[in-house]
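Work through these exercises with the model open beside you. Try each task before you read its solution.

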Amino acid sequence: AIPSLQNSKWISYLKVRGAISKSGNVNLNPYSLQATYSQPAGFPYGSTVGFSANGTIPSPDLKPEFVNTKEVGIEMGFMRNRINLEATYFNQNNTNQILQVSQSSTTGYTTGLANAAAFKNYGVEMDLGLTPLVAIGKGRIDLKLNATYNDNKVTSTLGNVPVVIGGTSGFIQNAAASPTVNNIAVVGLPAFAFQMTDYLRDSATGKVIVDPSTGNPTQSPSLVVTGRTLPTWIVGITPSYSIGNFSFSMTWDYKGGNDFYSGLGADEDFAGISAASAEYGRKRFVFPNSVYLKDGKYVPNTNIVVQDGNYAFFNGTATRVAIATNYYASAAAWRLREVNISYNIPLKWIGNGKVIKRITVAAVGKNLFLFVPKSNLWGDPEFNYSTTGNTFGLASGFQSPASRLFGGSLTVQF
């Protein structure tokens, strides 16, 4: 509910937001309070209050964000436009970007809204059309190709310190032992990188350090920052074939150069239904690629097994399920995005076009096949727990699984 207006700090804040006039009257103008308060579900029934603070508080000194874009391109056609080529180079500078910033819930708000970062994007977009690519009898095959390379980098942040954009704290439900993963803006790194829990590792070799007595790995006291959330390459391939009234086309696409985290992996380990939980027959094992401290130096671990290869290891807070890097992988994927098949009914079957000009019967299938690297054990890397904000590459186990879609249509033109 709205805090007491006897609180001088709140009075000052509301005056800045324009919610209190110079005469001291409360102004419920939606343009001044909409970003801070809303009516909760159930109002006006029961004991539900009229207005409640939202989870996000905007900065009182927000400035407009700006995007300065420079582009140069070329367009060429050859062989009477049978071959068409387009290419565009772009360079964008994004300043005063307004981002949702994670903050301590002790402030009363889980996120803030501020001019938190500046970054730049640069790359090239390319399109190639071959019409036709080849003629086969009375039919023809056309081909369209497009590719985009987009690199980005954070150039500044709020207070010149890393800014947490959002993460697993925003999942619908998150167990206490689950990993911590965030999108984070760090100067010099991509917009944006991942911040996550990891094992304690030997700085010289990168191998996991285990306890020489128990054989169990240890969680690092600090979060690691790595990877990137957005793809650097997006490629589309659309071949099509047509002959007479019949046409067939498909669209393939590739996205790569980025990474993702799957909360489904941690949930599977917790339930004991993952491939990893059964890899060693649920028996004690030597943690792979591990080292332990002996006589003041780290030596390879070849015989010290974990205390428990079953539930205690895969669900323990300091073993597997709490380590985000176990569920972090390349987001590269080839996908058969769409297939279209259509047929125009011959005019002689419908009165030679005197009344009905055209009837088209079509069938479509979407998201038919997905090919991912072996490191991805959990499915579609495009899943994201949120459809708002600037968080990407964070998949929750509470999302619906990827599905294939099939449909058809009948189009009649008069």
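**Exercise 1.** Which strand gives the most to the nonpolar patch?

Solution. This is a predicted model: local features need pLDDT of at least 70, side-chain atom pairs count only at pLDDT 80 or more, and totals for chains, interfaces and linings use all residues. Residues are numbered from 1 along each chain as its sequence is written, and side-chain values use heavy atoms, with hydrogens and water left out.

Step 1. List the members: Ile74, Met76, Phe78, Met79 and Leu85 make a nonpolar surface patch of about 440 Å².

Step 2. Find the strand. Strand S4 (residues 66-78) gives the most, with three residues. A strand here is a DSSP run (E, at least two residues), numbered from the N terminus.

**Exercise 2.** Locate Gly227 and list what it touches.

Solution. Step 1. Gly227 sits in the loop between strand S12 (224-226) and strand S13 (233-243).

Step 2. Leave out residues up to four places away in sequence. Gly227 then touches Pro190, Phe192, Ala193, Phe194, Asp259 and Tyr328. Contact means heavy atoms within 4.5 Å.

Step 3. Check one pair. Gly227 and Ala193 are 34 residues apart along the chain, and their C-alpha atoms are separated by 5.4 Å.

**Exercise 3.** Which residues have the most contacts inside the largest nonpolar core?

Solution. Step 1. Define the core: buried (under 20% relative accessible area, 1.4 Å probe, protein chains only) Ala, Val, Leu, Ile, Met, Phe, Trp, Tyr and Cys residues, joined through side-chain atoms within 4.5 Å.

Step 2. The largest core has 16 residues; Val181, Phe194, Met196, Tyr261, Tyr327 and Leu394 have the most contacts inside it.

Step 3. Strands S10 (193-196), S15 (259-262) and S18 (328-330) each supply at least two residues of this core.

Definitions and conventions. Buried means under 20% relative accessible area, exposed over 50%, partly exposed in between (1.4 Å probe, protein chains only). Helices (H or I, at least four residues) and strands (E, at least two) are DSSP runs, numbered from the N terminus. Patches are made of residues with over 30% relative accessible area and no salt bridge: like charges are joined within 9 Å, nonpolar side chains (Val, Leu, Ile, Met, Phe, Trp, Tyr) within 5 Å. Accessible areas come from the Shrake-Rupley method with a 1.4 Å probe; for residues, only the protein chains shown count as cover. A salt bridge is a side-chain nitrogen of Lys or Arg within 4 Å of a carboxyl oxygen of Asp or Glu.
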